[in-house]
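My plan was to list the spaces and then see what lines them.

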Amino acid sequence: MKHGTITTDNHAALWHGRFKEGPDAAAVEFETSIYVDERMAFDDIKGSKAHAKMLGETGIISKAESSAIIKGLDGIKADLESGKLKIDYSAEDIHSFIEATLTDRIGEPGKKLHTGRSRNDQIALDERIYLKRAIPDLQNALLKLIDTLKTIASKNTKTLMPGFTHTQHAQPVTLAHHLCAWAWSLVRDYERLSDALKRIDYSPLGAGALAGSGLPLNREMVAAELGFKGVTQNSLDSVSDRDFCIEFTSVFSMLQMHLSRMSEEIVMWSTTEFAFIDLSEKWSTGSSIMPQKKNPDFAELIRGRTGKVYGNLIALLTMMKGLPLSYDRDMQEDKEPLFAAYDTVLSCVNVFNYMIESAKWNTENMANACEGGFLNATDVADYLVRKGVPFRTAHGISAKAVRMAIDAGCKLEELCVEEFKMCSPLIEEDIYGFITPRACVEVRKITGGPAESMVKKQIAGLEKFVKSCAPKKSAGKK
């Protein structure tokens with residue numbers, strides 16, 4: 001860390017005027033946020049253009065000055081896109097860099113851009129514009145993954161596999177049923193993102209540092225220009241609110257949790273003991289010492305990175321927990337965890353999609369795993385319920401039959417009818433038609449059940465959802 005004094009010029013800190021001395025170089029290095037907030041350069045320009053247009057329309061500055069500012073901002077955007085202009089990382093933040101660059105290029109009118117606004121309401125605006133632009137990309141990635149799961153499920157409505165509770169064999173289901181379960185959790189994540197987007201659709205610009213402005217700003221005009229539904233209702237709340245950062249990161253955490261649970265099952269299913277799934281070699285890795293290894297590293301990395309997203313959420317919650325109204329510099333630390341969580345989740349959704357769509361399913365092994373393990377014990381009880389036996393009594397009779405099979409070292413369906421009758425005289429030869437894995441699945445024809453007809457309805461529902469949420473366009477250029 002180098003020490004020294006920063007001299008004041010157009011690229012100096014926006015607040016340097018009341019200070020006799022420039023800030024220490026080490027202080028600047030410590031406080032700068034441009035390495036984090038540079039990703040919002042175009043969002044900052046977009047907000048600044050709308051603000052400049054409003055200043056001109058309201059007569060706060062001349063229309064000629066407004067036009068010069070907007071033209072200058074367009075030039076900065078074009079040069080950043082082409083690479084002609086590079087971000088100056090000695091600037092304190094992205095706002096300072098853009099405003100200073102503008103002033104360098106157009107002179108005095110550039111100094112009027114900040115009229116009636118503070119960096120406090122400016123950053124609150126930039127973050128909202130950024131999220132309105134970025135979240136649709138994550139939602140589109142989710143739609144692709146949901147569609148992939150739906151497609152695989154549609155090919156496996158008859159593929160038997162064990163369902164589990166406590167990681168123990170429980171009841172037979174199908175691969176399609178299981179994959180639909182994954183997909184529906186992702187549908188909820190998509191909807192949570194949509195719901196959170198509604199709450200940031202209000203422009204905070206015009207709130208100033210905390211108490212608004214005495215100038216005749218037209219906040220509603222800026223909001224409309226930027227595509228917001230309206231404006232925030234309290235200037236103090238507008239600049240101190242970071243609920244939206246926490247809310248989105250909370251949604252990211254739940255989404256990452258779902259991906260982690262799915263990845264855990266992929267890891268288990270790819271073992272020799274399960275052998276339900278064969279991951280593509282393109283989405284597996286080997287061992288530096290064991291030549292035979294084919295490891296599910298990408299599923300493990302998704303699972304492992306969940307902790308990072310959770311940590312980002314805790315960082316935001318902890319940062320905000322003791323802050324008095326309105327703005328405090330602590331809040332500069334909101335962007336890094338928000339952006340990090342977003343980046344992690346987006347990459348994990350995409351990688352999981354690539355991994356699962358290229359995998360092969362060992363359907364014979366899955367079906368064989370339904371044999372034994374007494375997955376049909378509940379169906380023995382249901383058989384008796386159909387004959388009028390109270391379920392709790394039927395449960396005990398089935399448990400007695402299971403115990404008998406365990407002692408005999410056989411499957412439940414391998415008990416002879418005489419042995420079944422020792423448990424209950426109501427059991428007849430027809431019981432065997434009710435306790436095959438296929439029968440256990442197909443009898444469950446209630447909504448949400450694993451019967452093929454019901455799973456096909458789920459698949460149709462997922463397809464309808466994907467089509468109704470046709471890929472969203474990002475709200476502006478990155």
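This is a predicted model: local features need pLDDT of at least 70, side-chain atom pairs count only at pLDDT 80 or more; totals for chains, interfaces and linings use all residues.

I looked up the names: Asp379, Asp382, Arg386, Phe434, Ala439 and Val443 line the second largest cavity. About 30 Å³ of space lies in that cavity.

Next I checked the cavity count. I found 2 cavities of 30 Å³ or more. The largest cavity holds about 70 Å³ of space. Its lining has 13 residues, and Cys370, Leu375, Asn376, Glu413 and Pro437 are the closest to its centre. I sorted the lining of the largest cavity by class and got 8 nonpolar, 3 polar and 2 charged residues.

Then I turned to the pockets. The largest pocket has about 700 Å³ of space. I noted 23 lining residues for it, with Phe164, His178, Ala181, Arg261 and Glu265 nearest its centre. Which helices and strands each supply at least two residues of this lining? They are strand E1 (160-165), strand E2 (168-174), helix H7 (175-199) and helix H10 (243-269). H10 gives the most, with 7 residues. By class, I wrote down 10 nonpolar, 9 polar and 4 charged residues for the largest pocket.

My last entry is the second largest pocket, with about 290 Å³ of space. It is lined by 17 residues, and Asp93, Arg119, Asn120, Tyr327 and Arg329 lie nearest its centre. Helix H6 (residues 119-154) supplies the largest share of this lining, 3 residues. The classes here are 4 nonpolar, 6 polar and 7 charged.

Technical notes. Residues are numbered from 1 along each chain as its sequence is written. Side-chain values use heavy atoms; hydrogens and water are left out. On a 1 Å grid over the protein atoms alone, a cavity is a set of points where a 1.4 Å probe fits but cannot get out, and a pocket is an open set with protein on both sides within 12 Å along at least five of seven lines; lining residues have an atom within 4 Å of a point. Grid points are joined across faces, edges and corners, and a volume is the space filled by probe spheres set on the points. Ala, Val, Leu, Ile, Met, Phe, Trp, Tyr, Cys and Pro count as nonpolar, Asp, Glu, Lys and Arg as charged, and the others, Gly among them, as polar. Helices (H or I, at least four residues) and strands (E, at least two) are DSSP runs, numbered from the N terminus.
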